[in-house]
Each structure stands twice: as structure tokens, then as C-alpha cells.
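Okay, thanks for coming, everyone.

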Amino acid sequence: VENVRLLDRLSSRKVALGTLYLTATHVIFVENGSETRKETWVLHSQISSIEKQATTATGCPLLIRCKNFQVIQLVIPQERDCHDVYISLIRLARPVKYEELYCFSFNPKLDKEEREQGWKLVDLNEEYNRMGIPNNYWQISDVNRDYGVCDSYPTEVYVPKSATAHIIVGSSKFRSRRRFPALSYYCKDNNASICRSSQPLSGFSARCLEDEQMLQAIRKANPGSDFIYVVDTRPKLNAMANRAAGKGYENEDNYSNIKFQFIGIENIHVMRNSLQKMLEVCELKSPSMSDFLWGLENSGWLKHIKAIMDAGIFIAKAVAEEGVSVLVHCSDGWDRTAQVCSVASLLLDPYYRTMKGFMVLIEKDWVSFGHKFNHRYGNLDGDPKEISPVIDQFIECVWQLMEQFPCAFEFNERFLIHIQHHIYSCQFGNFLCNSQKERRELKIQERTYSLWDHLWKNRADYLNPLYRSDHSQTQGTLHPQMAPCNFLYKFWSGMYNRFEKGLHPRQSVTDYLMAVKEETQQLEEELEVLGERLANLQKSQLNGNKFKSRQQDRSKQSGLSTSNSLANTPQEYSNDLKSFPSRSPSQGDEEDSALILTQDNLKSSDPDLSANSDQESGVEDLSCRSSSGGGCLPSEDSGKDSDEAVFL
Amino acid sequence: MEFAELIKTPRADNVILHRPFYLAVEGTLCLTGHHLIFSSRRQDNAEELWLLHSNIDSIEKRFVGSLGTIIIKCKDLRIIQLDIPGMEECLNIASSIEALSTLDSVTLMYPFFYRPMFEIVEDGWRSFLPDEEFELLSSVTDEWRLSCINKEFSVCPSYPPVVIVPKSIDDEALRKVAMFRHGSRFPVLSYYHKKNGMVMMRSSQPLTGTNGRRCKEDEKLINATLRPGKRGYIIDTRSLNVAQQARAKGGGFEQEAHYPQWRRIHKCIERFNILQESLIKLVEACNDQSHNMDRWLSKLEASNWLTHIKEILTAACLAAQCIDREGASVLVHGTEGTDSTLQVTSLAQIILDPRCRTIRGFESLVVREWLQAGHPFQQRCAQSAYSNSKQKWEAPVFLLFLDCVWQILRQFPCSFEFNEQFLIMLFEHAYASQFGTFLGNNENERSKLKLPQKTMSLWSWVNRSEELSKFQNPLFEANSLVIWPSVAPQSLQLWEGVFLRWNRPSKFLDEAHEEMISIIKYNKELQAKVNALRRQLAEMETDDRMQENL
């Protein structure tokens, strides 16, 4: 479709004219005119909603909201075209078969071997070995080898040694969806562990001997402690309501030596609505400070983030400080349980704060334990009530921790943002389906590529320059402040206003330091080379031998170093986010548009000046323009200068 | 008056000091004329706390039996608690502190008694003279002149003795313009934009009154700053409503009929007690120990502090935009031209002028646009967030300015030579200091107090390499461009370094900062080493060749 206009959300005056293409996998908008054609690519799988708005004189507006928080506003001249685009996109954005997803057609030009290597990057058996398992207390169980006990669990499950197959199967029958207690994290130093399950089917009075034995076995696997915590991550009211349906929570009287604890994290529906409300705030056009803060508060989003963090902190404390094992569950044990277990692991074990360890953590607590990626992130057309930003919240928890502990994580914000992006993009097979069973049936590993491999190959982009493996923040357990720490939770504009670049800091400390470190590395190498040459030269001088070729050699060296020092100007780092796979990297015409815009400014302001005959109203007119425009004028203007900075 | 009269109990033993995030310490408390000194008696790890009385904003006392507790709230927002055994001692100490922290005579303040322990390399009182500023200006334009019309502070009591005005306007005309402007603050040059020759001027409101008085000289003066055929913008920092109301009190704004080449834009920046209340509410919210997330956000919102930040920054961006993008000259004023006007003109310069983003340039900006421009520091900074006095003239105008600078610094972390600590230091010294720099309300008062002769300048202390190193931004790379900050709510944050400074552990953030410094330091060391080696190699090779040629 030609002559489509792409509107900038931050300002009504910034409009790009271009052509809209629909392909099998992407929506592509290509700007007309300028030498470097600016392109916007959006994967169909990223589209979360499409809205056709009332036709105006200029055409038919189409609003596309994406799961990675991009919002695209198009105006299509012909109503009929708009309708066609709308209908096609609705179909394309909601595939019904896995085979329609991008990962089955995505080909990063790797051969079979490389692909297989890629999938081997994260190996959970290796991870449990790293934790020190199997050992005297824990073993791998093959009770679920054909998904016979629990179809949403992995085939390989780690359980206490004293838990026989009989106990496991018995316990599984007493748990929602047969998700029996299994090991998530084991702390070598004090034998304390984090186990996870779903809720027990206790109703008002039901008991299950095997389940009680199972919890007993978990306690015995930690000889240093005479009780375990059972943490129900739901609000108490929700858990009690579940009793009426024959589900519920553990009765302290029936289980020996447990301490039961509720931690009120709301359910997926509350979280979905909360995100929705927050995104509405993000989308406001030039909101006032009050609009923004009120909206943020009313969404309750940060309160929910804090609840998840508090739960993680509680468990980490129990394990690290008290040496007590913890069993965590919610209802089905695949949403809140995954969030809380992974936050706790992250606090406890510095390994999970490395790039590789973080991949392992997501693979362990989310992918292998049957977090329903397909349902939660709507990869295939399904029940909209199943969709909820569960892993988004976990990723935000990590970001909040990164803000509090700037040296503790090996990776940077960009790493988190790209993982979030790919959870929705379906470009890689990692997050397809709802369980390991489904993935094996689909032969995901043979037909698609692994995101972890892709991220690992580009790891230089994702490094936190402040991370040092011997730094005190990278050792041992992190202790975030519990109280009074409300103000420690901040709005993450890097994520939720990710595509409004104008709102972000114009210079990135991370990128700057990364460049400095890269240069440092080159300097170190050069220093070594120079040192050697110096030594040689001294030797050769002693010997009275000279090589003319050296002169050439030297000039080559200095050539390299001048490019180094050029690389050390701030201009090159002022773009905070590197271009994204699904976004066109070509931003070359920004300078042009800046110029055009200024001319526009002048044009639009001149008639205003001459038409100033009616004085008082003229004044009001002006103040109107400046108060509404003033808010966004400078902010979008700023883009220009920082971009100028890139190009000058 | 002798300070000794006010100090009934100069010393108390077995006092326990409580601070957030520190263990309680036992020690001895001493009161001197200007300081409260606490020193722990432990031999191994002796700890001392020196607090200026003038830093104390409010003091509360409580008794449990014979154990008295004094809670001291400081202007730098810190709160400490002292447990003092003995009711009488405690009462005496409390009343001494109260008296000593509220001395009403400026000449009794610490700067008049302070004797520096460091060597003075450069007298800060002479560091930023208007003549030097004018010399810089005259190297790029000859359209301006230095006028000594206010030599004896006779024309405008709140202006410095010399000001920069258009060359074509003589002193006689200036005198007439002064009569037409509130507090005689006639339009003077604030900033000259070298890139396009556009200027920013500042003044107070014109005294048009209800009958629309005009002043030809005033019109001539500000028109003199316009290029032929060009128009300018007047940025009035009040809403149109407020400006119109001001006419009833003899004030007002420039009428279009009389200033046809100027376009007026009204921006609403709050003043006085509204700002002070905002600060009080904000600090209350930050000190709130309750756990509820919701209440924190709504209290932050209710304080309106960030709303003020957004308004001020927006007005400053607008002024900068008019000058740089629209190529127009700008006149900024509010009512008196001593508060919101200065916020706008100084922030616009930070956006436009890379020099203002250096340490020295920023100091010069503070001297020019705040001290010499007559911002009444003594009135505005008399009390801070814990005061109960509710005086109309107390307002955190300068703190808001510093906060806005911090917001820009946060968005452009590599474009400033100074760091956050530098801004925090200025905040502290504006409210309580051993230096005379921020005493008095204008140059007139400062000269009467003979501050340059009798007190030490803050700049004499800051501009020594020992101190400067603390305030340098390791990421700084000179950026000659105009920097446009974002003023969207998502881009503005609470200045934690000031408002949460005493309520959050800063260890991890400090560590990150140290790490940053060491990364850059190591890089520079390597660079130096590589260069040295290269030189050495080059020399050896030339030697080589020479030998070869021999």
C-alpha cells in the first residue's frame, strides 16, 4: 500500500510518508524519499492488537500495538486498503498452528552442526551437577520419563533420595495437574533447598500420606534444619477460595514440621490488567507529571513487582541465613512459583547473575518446568484471558535489582530487553509451546534455532562494563533493602517506553564504558606488541642488526591506535540502544528531517506572528501553543541534536 | 554578645548518637559557638561528627525519665538523634542549639570566624569578575557595553555595580527604564549565543499598571537587541492570569501594541511558599517509613516537586529553543526577576553553552546569574524542609535549579565536567557554610558586610586540585553541541542523591562509581604507557637509522 503515513506518537508534526508492505512474517514500512530509506519492521508475532479508528479527511488511521511495547500509528489513504490491511493483519497476527510461526522459516545461515551446538549451550543436567547434585540427599528420578506422571514437567526431575517412586506418584495425585514437589535450587553450602510444586488438593480436610512423606523427605534432605517453610505465593483469600474447589493449601497440623506462609502475589488476571493500565499511562500524549504518577500508582504495577521481589527475598533469606529449605507453590505452580523461585535463585547464587547463568535460570525455572509460554504470551491464537506478563515481571525484577546493585550482574539492560523481545517474537524455538513434552513432539530442536546461542555469540553487546567477577557485589547472596524501600522501585522507561527514544538519556554510561573497556583491551594488546618490539629492537641494536621492514610495521600500528582514539568520543555512544533485529537500523536521514522540521517551525510560527491583530486572543493562542507544544517540543528537538552529534 | 552566654552546658558525656544505617555510637558531645561536635571515645575507631549550627533546621526534644533525647533535623535533610543523660544537661543543650542555630545577625555567622586551614591559591572573590566576562563578549561582538550606572547601587539595589547593556542605550535612558521596571531591574544581558548572535536578556516586570503605562526607553532598549526585521520572544514566567492580576498592583506585562516586534509567551512557574510547601511534603514522603508502595507514589505526586521541575525545565528549553532554533532574541522575566527568571536564564545557558557544563563555567554561571543577579539567598535559604516558620520569602528556588541541572546531567552523563557531588555540595553551602559566598541577598548587601574582606570565598576552597578531584565527572568528554533534555514525565526522576541521601544505603552505588573511575583511570594509564613506548620506539629507530647512515 502506497502513500501511507507513519505518525510519531510524541508529536503530531513528525510524519513520515512511505509504503507499507505485508509479508508472510513482517509488516514493513519504508519511508519515501530520503537517500537512506528508513525502514520499520514489525514481526507479526509481536502484534498484540490492531485498532481501526474512524476515517478522517486525511485517511483511515490504523493503530498497531506490539507486545514489545512499540505502538505504531498509520494513516492509510483509502478506507478499502485500510480494511484489507486490517483483516490481513488480524489473521497474520493470530496464527493457529505452530508451523506458521517465524522460527520455522527463520534461517540464520547456520549449518546443522552449528544449530545442534547452539541447543547444547544450556544443559540442565550440567546445571544440577554444578549445584552438587546428585549427592547423598538428592537424586535424579526417571519417574516422569514418558511424561507419565506429570505432562507439564520435564522428564528428568530431581527429588530427595528418600522419596520413592511410590511417594512421588502418590504425592502427584494430591497436587493440581500432578505437579509434585521437585527441586529447583540446592545450596551446596548448607544443604538448604528450594522446591516447587502446585497446590495440594486438600479441600477442607483431605490428606495424603504420600504427600506428607514427600515434604518430610524434603526436610530430611536438609539435616541441619528441623523444619521447612511452605510458601504459598497467593493472597490468603485466593487460597481459601480454592479450598471450596477441592484444592487449597497445606494444613500445618497434618504436615509435621512445616511453617506455612502466605505471600500475596496477585493472579495473572490482575497482572494483565495492571500492565494494561500502566501502558495506557505510557501512551498518554504529553501527560503532566501528576497524570503520570497517578496513572502509575493506579496501575499498581510497581506494587506487584515489589510483592514478587519480597517473596524472593523472603525465600533467599530462609535459605541463606536460616539454612531452612523452602517449598514454593501457587495454584498450578507455573507462574508465580516460577517468578519467585527464579528471583530467589538470582539473589542466592552469583552464577545466575552471569550471562550464561541467567540463560540457565530461565531454562530451568521457566522453560523446563512448563511455564505456559504459548498461552501467556499469545504466540498462537488462543484465550485472551490466558495472556499475562508473568515473565515480563520477572525480567523487571532483575532490572530493579540491577539498579540497586550496579556491579552485580554480568549482563546489561539491553540483554534483558532483547530476551523480552524474543519471548514474544517466536524467532527462536526456545519459548514455543507450553511444556517440554509439546516441544519434543514438535521436534523444536531439529527445526528451529536457539536464542541462547544467538545471544551468546553477540555477548559483547550485552556485557555490563561495571561487572568484575572478583568484585564484592558479585560474591554470595545479594541483600536488597526490605524496608523502607518503596522508592527503590522505579518505572522502567527503557522497557515500557522503549521505542520512544526521545524519552531516554541521550548518552549511555554503559555504552561509553563498554567502548572504553574495548579500547583498554586494544591498548593492552598494543602494549604487549610494543613491549616485544622494544625488546627485540634492544636486542637487535646490541647485535647491530636492523630490519627496515620495521618502519612500515610501526606505521601500521599507529594507524590502529588513531582509530582507537577516535572511538573514544562521546558522540558515537549517544545512541543508547543498538539497532534491533526487527527494527531497521538505518536512521541516517534523521539530520535531514531535523532540518525540515525547523523550517516547518519557522513557517508555522510566522503566520502566527502576522495574524496577531487581535491582541489578547493572540496572546492566549500563543500560550496555548507553547504550553501544549512546549512540553514535547524540546523533547523531540533533543533527538535532533543528539543525532547531529552522531553525524557531525 | 558572647557565644559563651548561650552555652550553658558546653559538654556532655555518655551521649548516644543514632543515625540511619549506622550502629548507635556512644561519645562526648561538645557545643561551640558555631558547631555541635560529637566524638566517640573509642580508641580504635574514633569517630567525629561536626555539625554547623546554621545547618540545623529544627530541633525536637523528648524525655523518658531522666534520659533526654534530642532530634536534630538539618537543612541538608539529614536527621540525627542524640540521647543525653540528665534532664538539665539535655534542656541546656537543646536551648543552646536552638539559640545558636537561629542567630539573627549575619555578622555572627561562622564565615566571619572561619579561618581556612588550606593554602589559598586563588582568591575566589576575584575569580569571576564582570570585566572578564565582558572581555570575552567583546571579542565576538561590539554591540554591547559595560555600564557602571549602578556603581553605588543607586539605580537598582539588587543589581551588581556593573551590568552589560546594548551599546546604543545610554545611562540616562537606563535610569528611565529602571523607573519602569519592578525593583528597578531594567533589562540586562544574560547570555549571548555565539552561534547566531542571538541574546537572552532578563529583567523584572514592567510597571504598566491598569492604565497601560508605557516607557519609550524601555521599548527602545529591548528593541536594540533585535536584528533588523527580526522578532523576539518575551518569556513571562507567570501565567497570563497572574500577569494580568499584577497590573492591579502596578505591575504588568509588555503590551503588544507597544512592543509589536515581540511575541509574548506565558509559562507558569510557581513561587515562594508553594515551592517551600512542596519541598516539605516531598521530604516528608521520603522520610516515611511505611511499606506501602501506593502511598509513596501518591505522596510523591502530591508534593508536586517533579511538576515544578518539569515546568522550569520546559520554560528553559523553550527559551533555548527560541534562541537556537528560531534564531530569535529572548527577554525573560517574572515579577521581581530574582527567582523563576534566573532559573530559566541559567538553565537555558546550560542547554546552549558548553562552557556552562564545565566546573569553572558553572561556577561562573552561579556567580553571574544567581549571586550577582541578586537572587536573595539569605531569605530563600534561611530554612529548609523541616522549618515550621512558614515565612513567605523562604523557597527552595536554587535547589530546584540544581535539581533541574541534575536532570539534564542524568540525561547527558558524558557532557558535564562536574558530577552529582558538585551539585550536592552547592546545595549544602547555599544553606549552611563556612564560606561567605552565599551570605546576603545581593551584591549591595555583600559589599556592606565587606564579605570579600572578612570571609573566605567558597570558590577559593573548591578550585583547588584536592577538592576538584572529588567533583570531576570521569565520563566527561567535551560536547560542543546544544543539549536538549527531555521533559516528559518518564524522563524526570527524583533526585535521590539529595532526597534519599540519608534514607538509603549508598554502598552499592558508591562501589559502582568507584568501579567506573577505575575503569577510566586504567584506560588513561594504558594510553600514557602506550604513548611513552611508542615514543621510545620511535627514538630508538631514529637512532638506529642514524647509526646506519653513519
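So, chain A to begin with: of its 648 residues, 59% are buried. Keep in mind that this is a predicted model. Chain A has 22 helices and 14 strands. If you take contacts in chain A between residues at least 6 apart in sequence, 71% of them join residues at least 24 apart.

Now the domains of chain A. The assignment gives us domain 1, residues 4-94, and domain 2, residues 112-513. Their C-alpha centres sit 35 Å apart. Where they meet, twelve residues of domain 1 of chain A are in contact with 23 residues of domain 2 of chain A. How much area do these two domains bury between them? It comes to about 1600 Å², with 53% of that on carbon and sulfur atoms.

What about charges and polar atoms there? Between domain 1 and domain 2 of chain A, the count is one salt bridge. Seven residue pairs are in polar contact across that interface, both partners at pLDDT 80 or more. And the side of domain 1 of chain A that touches domain 2 divides into four nonpolar, four polar and four charged residues. While we're on chain A salt bridges, Glu283(A) pairs with Arg65(A), and their closest N and O atoms are 2.7 Å apart.

Okay, over to chain B. Here the assignment gives domain 1 (3-103), domain 2 (131-435 + 479-504) and domain 3 (508-539). On the domain 1 side, 14 residues are in contact with 20 residues of domain 2 of chain B. Together these two domains bury about 1400 Å², 63% of it on carbon and sulfur atoms.

On the domain 1 side, strand S5 (56-64) and strand S6 (67-74) of chain B are the elements that give two or more residues. That side splits into six nonpolar, three polar and five charged residues.

Let me zoom out on salt bridges. Searching the whole structure, over all chains, finds 59 of them. One is Asp218(B) with Arg181(B), at 2.8 Å between the closest N and O atoms. Asp218(B) is in helix H5 (216-223) and Arg181(B) is in the loop between helix H4 (171-180) and strand S10 (188-193), so this pair ties together parts of chain B that are 37 residues apart in sequence. Asp218(B) and Arg181(B) are both buried.

Arg464(B) and Glu466(B) also meet in a salt bridge, 3.2 Å from N to O. Arg464(B) is buried at 8% relative accessible area, whereas Glu466(B) is partly exposed at 47%. Then there's Arg504(B) with Glu496(B), at 2.7 Å, and both of those are buried.

Last stop: Thr341(B), in helix H10 (340-352) of chain B. Buried or exposed? Thr341(B) is buried, with a relative accessible area of 1%. Leaving out residues up to four places away in sequence, Thr341(B) touches Arg202(B), Ser203(B), Thr237(B), Val332(B), His333(B) and Gly334(B).

Methods:
Residues numbered from 1 in each chain as written. Chains lettered and ligands numbered in written order. Predicted model: local features only at pLDDT ≥ 70, side-chain atom pairs only at ≥ 80, totals over all residues. Heavy atoms only, no water. Domains from an automatic or database assignment. Contact = heavy atoms within 4.5 Å. Buried area = accessible area lost by both parts, 1.4 Å probe. Helix = DSSP H or I, 4+ residues; strand = E, 2+ residues; numbered from the N terminus. Nonpolar A, V, L, I, M, F, W, Y, C, P; charged D, E, K, R; others polar. Buried < 20%, exposed > 50% of the residue type's maximum accessible area, 1.4 Å probe, protein only. Salt bridge = Lys/Arg side-chain N within 4 Å of Asp/Glu carboxyl O. Polar contact = N/O pair within 3.5 Å; in protein donor to acceptor, adjacent residues only side chain to side chain.
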